[in-house]
Structures are given as structure tokens and as C-alpha cells.
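Here are my notes on the model you sent. Please read them with the structure open.

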Amino acid sequence: MTSETPPGPAPENLALWLPKRGRPFEVGPAPYTRPGANEVVVRARAVGLNLVDGIPGVGYRLILPWVTFPAVIGGDVAGEVVEVGPGVVRFRAGDRVLGHALGLERSTNRAAMGAFQRYVVLMDHMASPIPDFLSFEQAAVLPLQLSTAATGLFQRDGLGLALPTAKPPERRETVLVWGGSTGVGSNAIQLARNAGYRVVATASPRNFDYLRGLGAAATIDRNSPAAVDELVAAIGEGPLAGSLAIGAGSLPKVMAVAARAPGGKRVSSAAPGLVTRILALRAPRGVAVSGIWGGALKDNEVGPAIYADFLPTALATGVYRAEPQAEIVGDGLDAIPAGLQRLRKGVSARKLVVTL
Ligand SMILES: NC(=O)c1ccc[n+]([C@@H]2O[C@H](COP(=O)([O-])OP(=O)(O)OC[C@H]3O[C@@H](n4cnc5c(N)ncnc54)[C@H](OP(=O)(O)O)[C@@H]3O)[C@@H](O)[C@H]2O)c1
């Protein structure tokens, strides 16, 4: 089915609805939405769970105040393209893809674009083909965490680093990734390496081998009382290209490292905007802090640079891996709420995924 050919009866859609802020989810019928210009519709086969999906009502009011209800949430989807809209040339029906579902963005605010439903509308430039060897489950770990890392590293209002390419030059500069074993950090390490930077990262020691496998040159225990000193030593003459602060409590420490290490003083923070702004009031002299909004890249050159230009070949050739490892926590939309509760208890170098 393409937008050029009249469709048969619309497929039956089913969604995990969030009726109101803070209310329990409900599985129920949803309209099937045909793709508009530069959009594709994907039959979801696996969805990834993110911390933002499980925030309580007050969290929604603070972080996503514009969302109208009932809403369909969810940011990570992998599945098959069933229909493409006008202007789409990269995909056709039947293609296996992953995509960042952007239904909760201020500029979209559209239930049809949430991941937690059978048929999801995606923006063409925020989706990538997935190679045959990669399962839907493992592909679904990527989108929101990949987007968040890319926004922090590459947007001009973030660290403004050089974009990843197939054959990056080996650069002298170092990127610091605090929180390297988070999903965001796992992507940040790989993206920075594929842009040619040396990477120094923190995590719990049980995840050091994992970080090195992603390309980190040096690993520091994030719980070490001397972590700041150890990072400054690991960066050495650097110079620093920039730093990412990922995880609760990371920003003050990363600001301290940026103040002491030679080189770039920019720090991008993945904490909620308000938290970042308050903590940044205490930034050491010369250190510049910016907040990350993981969906922002859809509106600038970074989105297509990652999802269209970089990721398809990088995944197919194996220079980029879909990490962290997927842990399947159920099948069907009604398995998602329990999965989100489980996520709230914390994971370590794992991504919770539900198959559909
Ligand atoms: N701004 C945005 O748009 C945006 C988007 C997505 C996520 N985020 C934020 O980014 C952070 C990471 O999200 P995620 O989904 O990637 O997380 P995640 O994969 O669920 O994180 C799990 C990892 O967190 C690490 N961790 C736990 N507490 C930490 C701390 N205080 N500091 C650093 N690492 C810690 C653990 O590492 P070890 O086991 O190695 O200790 C574990 O491997 C969260 O704070 C999330 O809210 C922001």
C-alpha cells in the first residue's frame, strides 16, 4: 500500500492509551492514520521502554506540559513499513525499519505518532532501515537514546561536534561521557567514536568491559569519590572536545572536570531542563552548560545526518551496534505498563523491550 494507490479497508489499529496525566493506561481501538507528506506508517513489531514513558502525572506536567489527552506515548519502535506518504523516497512497503516516534513533541502532539500502538506514523527522516541480521527487538533499543546522544553531541547548541561518518579522521580531542552504560551513554560513546573522537566514560566497574567494547579508551568508576580527579587524569592533555552529563548527580561532577581539564568547556546535560538550569547556576567560570531535548534533532540537520546518512550503513557494516542489550519483558500492548514499572526499579546496561 502506498499513498499513490488507494488503500483497501484501513487496517485495525489498537493503542495503549494514556487517558489523562497520572491515570492508568488502557488498551483500546485507535484510528488508523494514513501518512502525510514525508511520513511513513509502520506496523510496530517491537517497542523500547524509556524512563520518560513511565513518569507520573506531575512529571508529565513538568516535562511535557503541552501534551493533550488521551495520548499515545512511546518513543522507540521497530517494524515494517506498510504505507508511505507523498515525498518519501527512502522507504517502501515491506521495509524493516526503526524510528524515533515523536508524538509527544510540542510541535506534533499527535497520538498517531506515539510508539505504543500497532500502526505508528513516523517522520521519514527520523527512521532508518535495519539490516536483516538485526532483530526488531534489538533494533527497538535505539531511537530515543540515540537521538538524545546525537542532540547533545552534535547540535550547535549542544557540544557542536563533528558528525559521525563512515571513515572519520582520528582526532586528538577527547569526549567525556558520564553515564556511559546508560542507553544514552552507550549511543554517545559509539557516536563520538564514529566521529573520530577519543572517549573517556564513567559507569559502574561491572560495565567497564561493555564500555570498552563500545569504543571507550578509558573507564572510570562513577561512584569513586575520586572520580573527578581520575577523569582529569584520564583526559590528560586532551584536549577535551566537550562533555556529556548523563544520570542523576552527574552535572556538578562533569562541570568540575570541564573546569579543570584542558580544552572545550561545553557541557551538555540530559537531566530535565529545569534541573539543568538550576544546577548550571553553579557552573564554574568559563564552563558553558546546555540542556538536551532528545527530540530536537528532528528540526535540524542532525536528524537526517544520523537516521538517513549515517546509521543505515553503520548498522549494516557493524561499525555501529544496537546497544544496550534488549531484554524482552512481554508481548502485546498490555505488557507495557508492567514493563515501565520494572524500568522504574532500574536497569544496568540493558534496555527493556516489548514485542507486539
Ligand atoms: N533530555 C532528554 O531528552 C532525555 C532523553 C532520554 C533520557 N534522558 C535521561 O538520560 C538519563 C539516561 O537515560 P537512559 O534511558 O539512557 O537510562 P538507562 O539506560 O535506563 O540507565 C541505566 C544505567 O544508568 C546508570 N546509572 C544509574 N544511576 C546513575 C547516575 N546517577 N549517574 C550515571 N549513571 C547512572 C547505570 O549504570 P551502572 O549500572 O553502570 O552504574 C545503568 O547502566 C536519564 O536520566 C534520563 O532521564 C534524557
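1. Which residues of α3 meet which residues of α9? In this predicted model, Pro143, Leu146, Ser147, Ala150 and Phe154 are the α3 side of the contact, and Val302, Ile306, Tyr307 and Leu311 are the α9 side. By class, the contact of α3 with α9 has 8 nonpolar residues, 1 polar and no charged.

2. Now the geometry of that pair. Two packed helices are described by the angle between their axes and the distance between the axes. Helix α3 covers residues 143-154 and helix α9 covers residues 302-317. They pack at an angle of about 120°, and their axes are 10 Å apart. The two helices are therefore oblique to each other. The crossing of α3 and α9 is right-handed.

3. Helix α3 has another partner to check. Its axis and that of helix α4 (residues 183-194) come within 8 Å and cross at roughly 55°. That makes α3 oblique to α4. The crossing of α3 and α4 is right-handed. From α3, the contact uses Gln145, Leu146, Thr148, Ala149, Ala150, Leu153 and Phe154. From α4, it uses Gly183, Val184, Asn187, Ala188, Leu191 and Ala192. The contact of α3 with α4 divides into 9 nonpolar, 4 polar and no charged residues. Leu146, Ala150 and Phe154 are listed in the contact with α9 and also in the contact with α4.

4. How do α6 and α7 pack, and at what angle? Helix α6 (residues 227-235) and helix α7 (residues 250-260) have axes 9 Å apart, at an angle of about 40°. They are therefore oblique to each other. The crossing of α6 and α7 is right-handed. Val228, Asp229, Leu231, Val232 and Ile235 of α6 make the contact with Lys253, Ala256, Val257 and Arg260 of α7. The residues of this contact are 6 nonpolar, no polar and 3 charged.

5. Next, a sheet. It is open, has 3 strands in the order β2-β1-β4, and its pairing is antiparallel. The edge strands are β2 (26-30) and β4 (71-72), each pairing on one side only. Strand β1 (residues 13-18) pairs with β4 in the antiparallel sense over 2 bridges. Tryptophan 17 stands opposite valine 72 in β4.

6. The bond from phenylalanine 69 to proline 70 is cis, with omega near 5°. Proline 70 lies in the loop between α1 (57-63) and β4. A cis bond also joins glutamate 323 and proline 324, with omega about 5°. Proline 324 is in the loop between α9 and β15 (325-331).

7. One backbone phi also deserves a look. Asparagine 38 is not a glycine, but has a positive phi of about 60°. Asparagine 38 sits in the loop between β2 and β3 (39-48).

8. Last, the domains. Domain 1 is made of 13-142 + 322-355, and domain 2 is 147-291. Taken over C-alpha atoms, the centres of domain 1 and domain 2 are separated by 27 Å. How many residues are in contact across the two domains? On the domain 1 side there are 8, and on the domain 2 side 11.

Conventions
Residues are numbered from 1 along each chain as its sequence is written. This is a predicted model: local features need pLDDT of at least 70, side-chain atom pairs count only at pLDDT 80 or more; totals for chains, interfaces and linings use all residues. Side-chain values use heavy atoms; hydrogens and water are left out. Axes are lines fitted to C-alpha atoms, for helices over the stretch in contact, and angles run from 0 to 180 degrees between N-to-C directions. Helices (H or I, at least four residues) and strands (E, at least two) are DSSP runs, numbered from the N terminus. Angles under 35 degrees count as roughly parallel, over 145 as roughly antiparallel, 65 to 115 as roughly perpendicular and the rest as oblique. A crossing is left-handed if the near helix is turned anticlockwise from the far one by less than a right angle, and right-handed if clockwise. Contact means heavy atoms within 4.5 Å. Ala, Val, Leu, Ile, Met, Phe, Trp, Tyr, Cys and Pro count as nonpolar, Asp, Glu, Lys and Arg as charged, and the others, Gly among them, as polar. Two strands pair if DSSP finds at least two bridges between them. Domain bounds come from an automatic or database domain assignment.
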